[in-house]
Amino acid sequence: MTAALLNVRGVETYYGNIRALNGVDIEVHRGEIVSLIGANGAGKSTLMMTICGSPQARTGSIHFDGQEITRMPTHEIARLRIAQSPEGRRIFPRMTVLENLQMGAGLDNLKHFNEDVEKVFTLFPRLKERQAQRGGTLSGGEQQMLSISRALMARPKLLLLDEPSLGLAPLIVKGIFEAIKTLNKKEGLTVFLVEQNAFGALKLSDRGYVMVNGRVTMSGTGKDLLANPEVRSAYLEGGRH
Amino acid sequence: MANVASTTASAGSELTARALREAVFAGLITLGLFVLFVGLKTDQNIRNELILTQRWGLLATFIIVAMVGRFLMVAYAQPWLAQRKATKAAAAEVVKEEGFFSRNFSKIAIAALVLYPPVIVALFGVQGSLKWVDNFGIQILIYVMLAWGLNIVVGLAGLLDLGYVAFYAVGAYSYALLSSYFGLSFWVLLPVAGLLAACWGVILGFPVLRLRGDYLAIVTLAFGEIIRLVLINWTEVTKGTFGVSGIAKATLFGIKFDASKDGFAALMGLPISSAYYKIFLFYLALALCMITAFVTIRLRRMPIGRAWEALREDEIACRSLGINTVTTKLTAFATGAMFGGFAGSFFAVRQGFVSPESFVFLESAVILAIVVLGGMGSLTGIAIAAIVMIGGTEILRELTFLKMIFGPNFTPELYRMLIFGLAMVIVMVWKPRGFVGSREPTAFLHKRKAVSGSFTKEGHG
């Protein structure tokens, strides 16, 4: 149990009086890619945000790297090196690409800055071309790359990705998924990703969870879930890329 | 329209005819619009009867201005603009190497400011320099300082503060009261005033931590009014609306600026004049401005400055990147307030008198207008905007020739706000991001190492 890098146990999260998460249990082990799929409003993004402490879970517990983070403020959780590429990307539009990356590197520690910048530029060469450009002038795909790169600059132990494929062309989605795979293979980066694009996500993942109405209803290896007839009928058929 | 410039003579006369026609139309419209507003005026005579005053001369002035304006617009301005547009479109975008002037702009500006008082004294004599150094120099520098201070809160951290004048008041009253009750000197009280204002910045900051945008603006507006009302009503300490007068002057290393035997003039063997004190104050204000600018520039490149700018862009992203938004906001308020406090205590020492009258909402609005006009976040732009706005007000006082047009009762200063409003609308239409709307990036790759030359150029953007 404690071996998991991220351990979510019985978490319930409320928006006012409305329960968005209804006792969620999830584990993410070191070196894994885990995806969470589900329909709109299932609570996927809420779980992601609850892990980051905003909103905080009302009951249940979240442990990261053996430390309880359930009641920690967001910025302290981030400093434990859980990096997030939030939903809607949320890059800093008036700052240049480089400045965005600098923000991701953390405020106090710029020792590895140049090295890490080179690393994300090898991963996403497009960003290298656009490094002096303002974030807001990038295309959607480039902004997503920037958002992921910014998260990577913190040298995270766990990377949380909220819908990295949202609103992007299939080709760019493919590129981004490949980049995630590369990071996982080469650097052993642990990734927890929330996706609507179930096929792509499950194909990429070691394990997956399916969420319905604030509850995890199914879990298994990516392959198993892809083969599962229920998952296929609910999320895959028709939505296949 | 594009080939208007290369037209034949007949086209030229056609244009003139059209311009004349449009001018006549404009004149007729003006006549229709203003005949009742301007041409006729109702007054009460000595027996309280309503009488009609006729002002055909004034109406004629209005119409002539409109007609001439329209004629010039159609006959000259529009073709010129069209031609410019055409040449601009035709010529390929040439990236200009920045000229010597724009590269060294700040150095030249500082040198000009340092040389300003001697030049003025040389031109207008010691007594004649008073007005130029005091009204134009010191007055503008105070607003530059205030606007640069507010720029930290509004321009960098993106927290819309409509009550900035409160910190100005705190600074001014800190100096006025502490010096008149405890006899402390300006040099001791300058940092004290800054610190007190910073404290008030934090006090304001705490309750508004969760607010943004419009809501924040309303609360800060209220805060500014609260401070002013306290100053008015706490009469035992602040003497209410009478204000605090007879505030001690600043000294230069203990040398006083007065007519005494060991005063500045006597020591230097100069004739006694208040101008020396004003010149001293000018340099003092300049030094305070330079400190403000230096601190702002340094802070922008430090983690806290970057956190402010990130906070302005996206608060949620900030938190997910490990930035403590609470301390970030509080430091922004405190730092901005501190410079407001410095400016306030300087204002008190310059004026020798403070009263709540000086700290009304209008002041906040003017300071904010300077920041917005200048281009939020840009020190140069803000300084230019301060010169235009505050210098413009002072120049309005000088325009006595307007009295010849509009009659002896015409006081141009009264139209200040009207002109400001107009100027602001024009600037916002023409340059929506203010005079200097571009933002200097603060992150570069360390050029010398591992990065090729072409790459470095990109990074400098």
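Analyst: The model is a predicted one. In chain B, helix 10 and helix 13 are roughly antiparallel to each other.

User: At roughly what angle do the axes of helix 10 of chain B and helix 13 of chain B cross?

Analyst: Helix 10 of chain B covers residues 275-301 and helix 13 of chain B covers residues 325-351, and their axes come within 11 Å. Angles over 145 degrees count as roughly antiparallel, and the two helices are therefore placed in that class. The crossing angle is roughly 180 degrees.

User: How many residues of the contact between helix 10 of chain B and helix 13 of chain B are nonpolar?

Analyst: Helix 10 of chain B contributes L281(B), L284(B), A285(B), L288(B) and T292(B). These meet F339(B), F342(B), F346(B) and R350(B) of helix 13 of chain B. Beside 1 polar and 1 charged residue, the number of nonpolar residues in this contact is 7.

User: What distance separates the centres of domain 1 of chain B and domain 2 of chain B?

Analyst: The domain assignment divides chain B into domain 1, residues 4-89, and domain 2, residues 106-398. Taken over C-alpha atoms, the separation of the two centres is 43 Å.

User: Why is strand 8 of chain A described as largely enclosed by the rest of the structure?

Analyst: In a regular strand the side chains alternate between the two faces of the sheet. On one side of strand 8 of chain A, T190(A), F192(A) and V194(A) are buried, and on the other V191(A), L193(A) and E195(A) are buried as well. Strand 8 of chain A is thus called largely enclosed because its buried residues number 6 of the 6.

User: Which element gives the most residues to the side of chain A that touches chain B?

Analyst: The contact draws 26 residues from chain A and 27 residues from chain B. On the side of chain A, the elements giving two or more residues are helix 2 (74-79), helix 3 (97-104) and helix 4 (113-123) of chain A. That side divides into 11 nonpolar, 10 polar and 5 charged residues. With 5 residues, the element that gives the most is helix 3 of chain A.

Key:
Residues are numbered from 1 along each chain as its sequence is written. Chains are lettered from A and ligands numbered from 1 in the order in which they are written. This is a predicted model: local features need pLDDT of at least 70, side-chain atom pairs count only at pLDDT 80 or more; totals for chains, interfaces and linings use all residues. Axes are lines fitted to C-alpha atoms, for helices over the stretch in contact, and angles run from 0 to 180 degrees between N-to-C directions. Helices (H or I, at least four residues) and strands (E, at least two) are DSSP runs, numbered from the N terminus. Angles under 35 degrees count as roughly parallel, over 145 as roughly antiparallel, 65 to 115 as roughly perpendicular and the rest as oblique. Two residues are in contact if their C-beta atoms, placed from the backbone, lie within 7 Å. Ala, Val, Leu, Ile, Met, Phe, Trp, Tyr, Cys and Pro count as nonpolar, Asp, Glu, Lys and Arg as charged, and the others, Gly among them, as polar. Domain bounds come from an automatic or database domain assignment. A residue is buried if 20 or more other C-beta atoms lie within 10 Å of its own, exposed if 12 or fewer, and partly exposed in between; C-beta atoms are placed from the backbone.
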